[in-house]
Structures are given as C-alpha cells and as structure tokens.
Amino acid sequence: MMDSLILRTATRLLLALMILFSIFILWRGHNEPGGGFVGGLICAVAFALHALAFGVKEMKRLLVLDPRSLLGGGLLLGILSGFFAGPGGDPFMTARWIIFKDATGAKALALGTPVLFDIGVYLVVVGALLAMVQALMEED
Amino acid sequence: METIMAFAVGGMVAGAVYLFLSRQLLRVLFGVILLSNAVNVAILLVGRLTPGQAPLIGQGQEVLGQGLANPLPQALILTAIVIGFGLLSFVLALVYRGYQELGTLDSSQMRTAEPEDAV
Amino acid sequence: MIAWLVASPILVPLTTAALCAVFWNRPSLQRVLSLTGSTLLLILAGLLLARVMEGGVQVAQMGSWAAPFGIILVADTLSALMILIAAVMALAVAVYALGDVDAVRERGGYHIIFQVLMVGVCGSFITGDLFNLYVWFEVMLISSFVLLSLGGTKEQIDGAIKYAAINLIATACFLLAVALLYGVTGTLNMADLAVRVPHVANKGLVSTIAVLFIIAFGMKAAVFPFFFWLPAAYHTPAVAVQAIFAGLLTKVGVYALLRCFTLIFTGDMGWTHGILLWIAGATMLTGALGSLAVRDLRRALSWQVVAHIGYMIMGLAIATPLAIAGTVFYLVHDIVVKTNLFLGAGVVRRLSGGDTSYAKLGGLFTAAPILCIVLFVPLASLAGFPPFSGFWSKLLLVRAGLAVENWAIVAAALVTGLLTFWLVGRLWAEMVWKANPDGDALGTTSLGGAARVALVAPLVLLSAITVTIGFYAEPLMRVSAMAADGLVDPQAYIDAVLGAVPTTPTLVGAADTAAMEVQP
C-alpha cells in the first residue's frame, strides 16, 4: 500500500471511470474489438489500483464478495449460457438470439447467449486477477 | 519475410535452450518465457504472413471477404498467451515460495524431495 | 440429446467446480458437491459407454459448428471406456478425500481444483481436436500444479518446482508440434488430419513433427528418458492427490500417444513406432530397477508407475490389433491398481506414523489383517499373479509380442515382470511380515470411525474391481478388442466426425422474433 494523497484522490475518480469503461468495452465486444476478457482486465486493474492506494482490506470491503466466489459465479454463468441450446435440441453452446427491431423493421439490437457468456468471462477474469492480487499483496 | 522470421524463431529457441541449461531456476524460467514466445511467433508464421486487414466480417456479410488476415493463428496465439500467462504467474509465485522455504534457487541444491542418502 | 451426453464428462465436473468455487468458504458443502458430481459423472459415463458400444462412434459439435471448423467432441469405445474408468477413480478418490484431506488443504480449494483436474482429464479423453487437446492438457496441468503444492511443505514445493519446470517445456513442445502440423495440413481436427497427413508431400517434416509429439506426450506419460520428474514429485502431496496423479495423469499422456499414433501418424510406422518400441523397453527396465533401488514404499510405487507405462507403450509400438487391445486392457488395469496402491500406501503411512521408509514399516499383518488382504490384491495384480487383472493384461501383450516375433521386447517385458515380482515380495516382507521396529503397529481402528470407512471403502471397491476383472476378464477383453478395432481401422471414427450431418441450429430466437418484436 502506497501512502500518497495524489494517488488516493486520483484513484477515487479513476475507479468509477475505469469500471464504466470496462463495461463499455465488454458491451462493445459484442460486434467490434473488445469483449469480456479485456473488459475484465480493465475492471481488475481498477480494483488493483484501489488496493494499491487504500490497501487490500479496503478493496475487499468494496468488493463485498470474495473474488474466488466471483470467479465461480462467472464460470457458472458461462456454463449456463451454453445450456440455453438444450430446449431446441441443439448441442451445448449453440447460440440463441432475441432480435429487437426498430420502427422501420430493421434489426436494431440482437441479444443472445454469447453476451451472457462474455459477462461470465468478465467475472472470471476479474475474480481470478483479484484473487492473485489479494494473495500477493496480503503476503507483504 | 518468412525466412527471416523462421531464423528469428530459431534464435529464440536457441536462447531458450541455453537458459534451460543453467542451474539457476530463474534463468530456466526466463528460458520458458522465451520458448513460449518463440512458439507463438511460430504459430503466426505457419498461418502464413499476409499483409491483410483485420479479419472482421462486415455488416450484412456472411463470410470473410478477400484480403483479410488469417484469423485462426491469432485465436490460437491468444489462447496460448492466456494459458502461458496463467502457468507462468503460478510458477513464478511457486519459485518465489521455493526460495523462501528452501533458501536457494540452485537446482542442484534442491534435494528435499529426493534426499541423496535415501536414493 | 446424444450431443449432451457426449459433452457431459466435461460439463458435470466443470459445473461442480464452479459451484464449489461459489461456496468457497463452506468446505462441508463442497464435500457434498464433490461427491454428488463424481457420482453423476460415473452414471453418465456408464450411459455413454453403453451408447457407444451399441451405436458406434458418437459425435457432438459444440455450438453447432460442423467439423473440421468447429470444436468437436468424439466418443469412440476407447474414449468412453477411459472416461468411465476415470469416473470410477474420481469417485473412489472423492470418498477417500473425506477422510484424508485436512482442513488447511480444503480451505485452499482442494475440492474445486480436484474437479477442475477431472475436467481436464475427461476433456482430453473426449476431444476430437488437437488444439483443444492442448487446452485440456493445460487445464489438467495447472490444476495439478496447484494440487501438488497445496499444503506447502518444503518437500512439496521442491517436487512441484521440478514438476512444473519439465511440464512447461513439454507444453511448449506440444504447442510447437501442433503449430507445425497446422502449417503443413491447414487443419487441427484429428479426423481431418488423419485424412490429410498421408497426402503431405514433405514426409520428412511429418516424421519430425511425429517425434515432437512423442517428446511432448512422452514427458506427460513419464517414459524413458523423460521420467525424472515423476519419482521426484509424486510421493510428496496429499495421498488422495498422489493416487489420482499416479492413476490418471500419466495415462492421459499414454492415451494421447495412442490416439495420435493410431490415427494421425501411421505413414512411417517403421520409424515412429520403432522409436516407441525402444522407449517402451527402456521405460520398463528403468522403472523396475529404480523401484528396487529405493527403500521407501511410496517412492518405490512412484517408480512402478514409470515401469508400467512401458508396457502400454510396448503394445502401441507393436500396433497389431491384439497388441492395441492389450494396451487398452492394460490402461484400465493399471489405472485401477495404481490408484489403489497409492491409496493403500496412504493408509499404511497413517498407521506407521507418517513415514513409509522400510525401516519404519512392519507388523501390519498382526495389526490390520483385513487391510493386508485388501492390499494383497493390487500388489499381486501389479506383479501379474494369475487370477488377477495384471496377469491377463501382461499375457495379452506378451502374446502380441511373440506373434510378431519381437523377442527382445518380450524378454524386457518378462524381466520387468520378474523384477516387479521381486519388489512385491520385498514390500510384502517389509510391510506385512517383518516385526514392527517400534513395537506393535497400529490397527485400522486407530483411524477413528468415519475416517476409517472413508479411507478403507475405496480400497475395497478398487480391489473388488481388480478381482472381478481377473476372474471374469471376458467383458473387458471384448470392450478392449472393440476399442482396438476402432483404433487400428479408424475409418469409422473419421466417417463419424467428417460425415456427421451438420446440425443446423433451430434458431429459436429468430423464429420467435415476430412475437417478440419491440418498438423502441
């Protein structure tokens, strides 16, 4: 933990921004470069920065959940997204889509199980990295 | 270009093997990093080097168009990098712990699991 | 629905692991989950084998992406058989772990990592894609790193570092071989490779790649000359971990060799299988001699893991249908026996106060006669005494060797058998008949009620399997012969994968869009 006023003040501002940005990257990964992995990395970096500025205890308090439970939850979400293929009789992981259309009838938004999978990846990455950060920083 | 890259891969592997031969564990680990990077470059190389655009399927299209890079090696390398990162960070932590517990990084002195007297 | 059954050996342990991770701070719940998951895996694996025996090779295209483009899971007789036997081991070890794994290791995530290990093992057995095999190997590898160092004693850290170092290099070799193979064929689907590799013009390069695969899988399987890490590491972790490592992990390497060198690299058999034959002989002899040189029960057993890998490689190298059937039979026999022996050694270690060197053992027959009888079964089977499973598996391989008139490898196999017999005699004398150096040995009642059941029940189960295979070898022989037929003539495998009708997704979402239209 670094005892620096500048870092603390900056982190307060940056934390929210970085988490927002990570969610934006997660969402953007739907059709363009980005995705759960990169998004998760950014989110994890945000929390790691917080741990650096305020200490691991503060980060744990902020996170509420144990990072390893987060990891498990993400994994579960990823597996679950594959199970949506079941009712149609398709193999595991076959994508399912709900397509929203705008007034002209053009495709406006396609929501599908890959998004769910990506959110799962996001959570796994955040959980895994924060578990590492926690283990390494608690040692000192 | 392929030839130059192939020689670069060869050079990296040679460097990695040289580092493996060290008794100092940290050097061995650096060798592993070098080797896994050499393999990643090799994957890129066998997918053929083409000066192409990013392989994204445009709106309204069903398949990849012409003049785009081969996406498969990139996917393989990304997977390999992620796996390699995970393995390596674990092994680094393990070696650090080993240094704390055993007090040495010299592999010829690490005989706790295989004591010389018990053969 | 069959696609789901084929995917279940991956899905069940993966879901179990994820659930265990969610309940990270509740070890008692994790135990229940781990047991339930292992039982479910066993049931589904049994169903899968029955389905494969009845209906031939079963294929599942993940995400409806057809081969050779998507990742494909293929269950042929060999895969299904290996998954079934792995599931039996998982259940036995999960039960044993209830009495063996201490609270510190449980809090370190033992149950989660164990299930992840099973994901890797089952995934390796069932995948039909070479790069996917690499991924499952890594899943297995990273979880084995964690399991090996879990607990963190000096001895474990030392063993884990050596294990990790050699495996990282093996991994890089594997990946390089995969890359080069992709470079010359443009595909990584195993069935597609089987079709394309014979047409590659540069035969020399294919043979080079084949040797790279021998090195990569050989390091996993701990064959000569890549076996040094195994006796250095396998005797260090918790008993449940040792048992599953000794039983399953090296065998995954053997399975990968078996798959690749019957399906993909069959063009230059004189060269590749010639190398394998030399490796087989050297592995058998070094392992057996090594086991005689050490004076510690668990270390001797570690060396025996190496020795018996040699037999399986021998069958693969001879490559006649009889020899391959022998290898498959040997795989099943050896997985059961090695797991059983390591679990048994764990109980013996408990009774002798934490040390298994010969100097500390003895007097077991007076203290725990029933345990001795249970342990006699895997030991006798290891040496190949007649009614037990080891006898039939060695008989098949020796007959296959004699049939091709390869006297040298048969001699090596028989000498190894003799040396193993010697070792078993020595172990029996040191452990059971010799008087205990510290007075009377402790009986199994000293383990305490629940722990006693959890520790001894898996031993009885596995010994019962060994005896059953021994006295009633016919069914396993038939399955092995079926698996061997499928490996020697892989046309059915190739047809099932490449000819599989691509399942067009039924697009539930797209069909229902009219009903779901939303006006923004």
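Predicted model: local features only at pLDDT ≥ 70, side-chain atom pairs only at ≥ 80, totals over all residues.
**View 1. The interface of chain B and chain C, where about 3100 Å² is buried.** The size of an interface is often given as the accessible area lost when the parts come together. Here 37 residues of chain B are in contact with 36 residues of chain C, and carbon and sulfur atoms give 77% of the buried area. B:Leu87, B:Leu94 and B:Ala113 account for 19% of the area that chain B buries against chain C, which is more than any other three residues supply. Between the two chains there are 0 salt bridges, while 2 residue pairs are in polar contact, both at pLDDT 80 or more. Helix 2 (25-46) and helix 3 (71-102) of chain B each bring at least two residues to the side of chain B that touches chain C, and helix 3 gives the most, with 16 residues. That side of chain B consists of 25 nonpolar, 7 polar and 5 charged residues.

**View 2. The interface of chain A and chain B, where about 380 Å² is buried.** In this contact 5 residues come from chain A and 6 residues from chain B, and carbon and sulfur atoms give 79% of the area buried between the two chains. Helix 5 (residues 113-139) of chain A provides the largest share of the side of chain A that touches chain B, namely 3 residues. By class, this side of chain A has 4 nonpolar residues, no polar residues and 1 charged residue.

**View 3. The largest cavity, lined by residues of chain C.** Rolling a probe the size of a water molecule over the atoms shows where empty space is left. The structure holds 5 cavities of 30 Å³ or more, and the largest cavity has a volume of about 60 Å³. The residues that line the largest cavity are C:Leu297, C:Leu301, C:Leu341, C:Gly344, C:Ala345, C:Val348, C:Leu375, C:Leu379 and C:Met431. At least two lining residues come from each of helix 13, helix 14 (321-351) and helix 16 (369-383) of chain C, with helix 14 giving the largest share, 4 residues. This lining divides into 8 nonpolar residues, 1 polar residue and no charged residues.

**View 4. A salt bridge within chain B, between B:Asp106 and B:Arg23.** Side chains of opposite charge can pair when their charged atoms come close. Over all chains, a search of the whole structure finds 15 salt bridges, and in one of chain B the side chains of B:Asp106 and B:Arg23 meet at 3.8 Å, N to O. The pair links distant parts of the chain, 83 residues apart, with B:Asp106 in the segment after helix 3 of chain B and B:Arg23 in the loop between helix 1 and helix 2.

**View 5. Backbone geometry at C:Pro225 and A:Met93.** Most residues other than glycine have a negative phi, and most peptide bonds are trans. The peptide bond from C:Phe224 to C:Pro225, however, is cis, with omega near 0 degrees, and C:Pro225 lies in the loop between helix 9 (203-221) and helix 10 of chain C. In chain A, the phi of A:Met93 is positive, near 80 degrees, in a residue other than glycine; A:Met93 is placed in the loop between helix 4 (67-83) and strand 1 (97-101) of chain A.

How values were computed. Residues numbered from 1 in each chain as written. Chains lettered and ligands numbered in written order. Heavy atoms only, no water. Contact = heavy atoms within 4.5 Å. Buried area = accessible area lost by both parts, 1.4 Å probe. Salt bridge = Lys/Arg side-chain N within 4 Å of Asp/Glu carboxyl O. Polar contact = N/O pair within 3.5 Å; in protein donor to acceptor, adjacent residues only side chain to side chain. Nonpolar A, V, L, I, M, F, W, Y, C, P; charged D, E, K, R; others polar. 1 Å grid on protein atoms, 1.4 Å probe; cavity = no way out; pocket = protein on both sides within 12 Å on 5 of 7 lines; lining within 4 Å. Points joined across faces, edges and corners; volume = space filled by probe spheres on them.
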